[in-house]
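Have the picture ready and follow along.

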Number of protein chains: 2
Amino acid sequence: MPVKKSKRIVLIGAGNVAGHLGPALVAAGHKVVQVYSRTAKNASKIAKRLGAKPITSLRQLAPADIYIMALKDDAVKNLARKLRVRGIVVHTSGPLNIDILEKTARNYGVFYPLQTFTIGRKLDLKKVPFCIEASDSATKKVLMDLAGSLSAHVLSVSSAKRSKLHLAAVFACNFSNHMYTLAGDILEKENLPFGILEPLIRETAQKALETGPRKAQTGPAARGDNGTMKEHLAMLKGDKRAKRVYTAVSKSILKNKL
Amino acid sequence: MPVKKSKRIVLIGAGNVAGHLGPALVAAGHKVVQVYSRTAKNASKIAKRLGAKPITSLRQLAPADIYIMALKDDAVKNLARKLRVRGIVVHTSGPLNIDILEKTARNYGVFYPLQTFTIGRKLDLKKVPFCIEASDSATKKVLMDLAGSLSAHVLSVSSAKRSKLHLAAVFACNFSNHMYTLAGDILEKENLPFGILEPLIRETAQKALETGPRKAQTGPAARGDNGTMKEHLAMLKGDKRAKRVYTAVSKSILKNKL
């Protein structure tokens, strides 16, 4: 689906986020002119699929409308200090403030997709909320349009608010995934496959999204069932970290009841 | 879909589990003859939909093939001591041992559906794993057949193994749901809707189910990004329980890296 205003874009980074944004940008009718990575192999891998030029030195940067820094936070911070570009520069980080780009270009912003990205997985970016912030209103317009060409959910979000949103995402994604991991560890010891939890995991997510998670809460802690909680802690003996998680989370659920 | 061996069943309990099992049993061709609850209103509510008789005293129990005690654990324990029936008696609890029913009937067992049940939600029991245990092989056959008339996933699981499975379910369901709650709390303070996390929550569950949760783990703790973790703890100041959860879960994720 080509967009009204096709942009010339340089991807700085060749990791999970760049690997998903690149093809989506091309599919939306934009031109990805270069893909930068310190590693030639990584740059080439993504550039090839996009009809872009792989580069390994920032001195090779071509003129473009938008430079997207899809890098780890530390790398963004480092590069922002050294890099100077014409055109708009954005980073894609949840926690990083917009200000770190103020020396990098006259027009700058944030282009944060609220999703967990893993190379090789198919993702429908159309449903992913994009959080946009910009140095000025003209830049904001460009970034909102760009995000709008990829997704149906584009929001204007300040740095302060975005860092909270990222914290919420850590709980909802990273931490819930770790709960799956601890569940999987228990099953593994019993020679039970993780997949046995599939209907439960799906229904838990579905119910929370439909009724809100507070209303959806069930289980021993929600019932104040101390007997079962004690037995669970006894079963976890020998696994200090799982025990500590069990105690902290159960206490937090119990407090919700009060 | 009527089954070969239609059973006469009494539901003892009128809560979330009974509310889901009842209609599924009827749809599978069984006859639910009675629904017991201490509260007449609750008994009637479910009995009516099943063409069963509501009862509020266990002295009214009719002859049946199978008595299903779909009650809270404490209620099962209590009732198991007092109740004596002909026919098979089962409970539907994850943590409770099969032995607590040894005085209640000559033939007894466990009929544990691995799912989170909430009244009013539509659920496809066909995909729900049913964990079966029985006092003897003839009873086991009856219970496996009964479960097989409801679901495509029927397993024979001992009490010891089932209690571990239940513990795993607490992590995968109850605890991941609480992670959603804590995320929702953060969003609420920022006037952001919980639904903004929908694509993230769905993809997190999907990815864990496809690749396994250990491989799917991302986020500050997985990266060992101490700077972001420090900032997150600073943002959570004033919310001790969320902070404690953040610390315990992050430490547990960090340990997985080692």
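We'll start with a sheet, then move on to helices.

This is a predicted model, where local features need pLDDT of at least 70, side-chain atom pairs count only at pLDDT 80 or more, and totals for chains, interfaces and linings use all residues. Residues are numbered from 1 along each chain as its sequence is written, chains are lettered from A and ligands numbered from 1 in the order written, and side-chain values use heavy atoms, leaving out hydrogens and water.

In chain B, look for an open sheet of 8 strands with mixed pairing, in the order S3-S2-S1-S4-S5-S6-S7-S8. (Strands are DSSP runs of E with at least two residues, helices are runs of H or I with at least four, and both are numbered from the N terminus; two strands pair if DSSP finds at least two bridges between them.) Strand S3 (53-55) and strand S8 (154-156) of chain B each have a single partner strand, so one side of each has no neighbour in the sheet.

Zoom in on S5 (residues 88-91) and S6 (residues 107-113) of chain B: they pair in the parallel sense over 4 bridges. One detail to spot is Val90(B), whose bridge partner in S6(B) is Gly109(B).

Now for helices. H9 (residues 226-235) of chain A packs with H5 (residues 159-189) of chain B at an angle of about 100°, their axes 11 Å apart. (Axes are lines fitted to C-alpha atoms, for helices over the stretch in contact, and angles run from 0 to 180 degrees between N-to-C directions.) That makes H9(A) roughly perpendicular to H5(B), a label for angles of 65 to 115 degrees. Thr228(A), His232(A) and Met235(A) in H9(A) are in contact with residues of H5(B), including Leu167(B) and Val170(B); contact means heavy atoms within 4.5 Å.

Methods
Angles under 35 degrees count as roughly parallel, over 145 as roughly antiparallel, 65 to 115 as roughly perpendicular and the rest as oblique.
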